[in-house]
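Please consult the sequence and the model shown below while reading.

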Amino acid sequence: MAEAWYEGLPEDALKTETAKEYERAEAIIREKLGQGLDFDTACADIGVEDAKVRQEIIDDMLKVLIGEEHFSKNVPLEELAKKLKVAAERLEKAKLEMLEDVKNTSIKAFYKSLGHGNA
């Protein structure tokens, strides 16, 4: 049988550069948090030049941590805020943004399922 065209390609060959930046940044942030650094210090050296992408990665990583700790493990936001050494209000804002994203995605999916396109 012939070898598939993608066999032998590096694992990340089909990922965008932004996706690769996200993965590298996540690994760095998790490593630094594991060393006991606060969230903002852990994010300081992620090595992303584009300021907009950098901020998106940081915001998204905070949301990932909220999802893992608060939603999956039932860690109160106040406790997570202490652990990450960030303001509880910042976590609450990120949580609300997450819920808004879920709501908007659900609405779009609903209308798409009705055949009305995007909401």
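## The end of helix 5

Helix 5 is followed by Gly115, a residue with a positive phi near 85°. Helices here are DSSP runs (H or I, at least four residues), numbered from the N terminus.

## Basis of the model

The model is predicted, and local features need pLDDT of at least 70, side-chain atom pairs count only at pLDDT 80 or more, and totals for chains, interfaces and linings use all residues. Residues are numbered from 1 along each chain as its sequence is written, and side-chain values use heavy atoms, with hydrogens and water left out.

## Helix 5 and its packing

Helix 5 covers residues 88-113. With 26 residues, helix 5 reaches 37 Å from its first C-alpha to its last, close to the 38 Å expected at 1.5 Å a residue; the expected span is 1.5 Å times one less than the number of residues.

Which residues of helix 5 are buried? They are Leu91, Ala94, Lys95 and Met98, where buried means under 20% relative accessible area, exposed over 50% and partly exposed in between (1.4 Å probe, protein chains only). The buried residues of helix 5 pack against helix 3 and helix 4. Glu89 also lies in helix 5, but counts as exposed at 61% relative accessibility. Between the C-alpha atoms of Glu89 and Arg24 the distance is 27 Å, and the two residues are 65 apart in sequence.

## Lys63 in helix 3

Lys63 belongs to helix 3 and is buried, with a relative accessible area of 15%. What does Lys63 touch, leaving aside its neighbours within four places in sequence? Lys63 is in contact with Ala94, Glu97, Met98 and Asp101, contact being heavy atoms within 4.5 Å. Of these, Ala94 and Met98 are among the buried residues of helix 5.

## Salt bridges

Side chains of opposite charge can pair when their charged atoms come close. A salt bridge is counted where a side-chain nitrogen of Lys or Arg is within 4 Å of a carboxyl oxygen of Asp or Glu. By this rule there are 11 salt bridges. One of them joins Lys15 to Glu23, with the closest N and O atoms 2.7 Å apart. Lys15 is partly exposed at 32% relative accessible area, and Glu23 is partly exposed at 41%.

Another salt bridge links Arg30 with Glu26, the closest N and O atoms being 2.9 Å apart. Because Arg30 and Glu26 are four residues apart in helix 1, about one helical turn separates them. Both positions are partly exposed, with relative accessible areas of 32% for Arg30 and 31% for Glu26.

In helix 5, Lys103 and Glu100 are three residues apart, so they are separated by about one helical turn. Their side chains meet in a salt bridge of 3.3 Å, N to O. Lys103 is partly exposed, with a relative accessible area of 43%, and Glu100 counts as partly exposed at 36%. Elsewhere, salt bridges that share partners join Lys63, Lys93, Glu97 and Asp101 into one network.

## The largest pocket

Rolling a probe the size of a water molecule over the atoms shows where empty space is left. On a 1 Å grid over the protein atoms alone, a pocket is an open set of points where a 1.4 Å probe fits, with protein on both sides within 12 Å along at least five of seven lines. The largest pocket has a volume of about 160 Å³, a volume being the space filled by probe spheres set on grid points joined across faces, edges and corners.

Its lining residues, each with an atom within 4 Å of a point, include Arg30, Leu33, Glu69, Leu80 and Lys83. Helix 1 (17-34), helix 3 (51-72) and helix 4 (77-84) are the elements that give two or more residues to this lining. The lining divides into five nonpolar, one polar and four charged residues; Ala, Val, Leu, Ile, Met, Phe, Trp, Tyr, Cys and Pro count as nonpolar, Asp, Glu, Lys and Arg as charged, and the others, Gly among them, as polar.

Glu69, one of the lining residues, is placed in helix 3. Is Glu69 buried or exposed? At 12% relative accessibility, Glu69 counts as buried. Leaving aside neighbours within four places in sequence, Glu69 is in contact with Asn74, Val75, Leu80 and Lys83.
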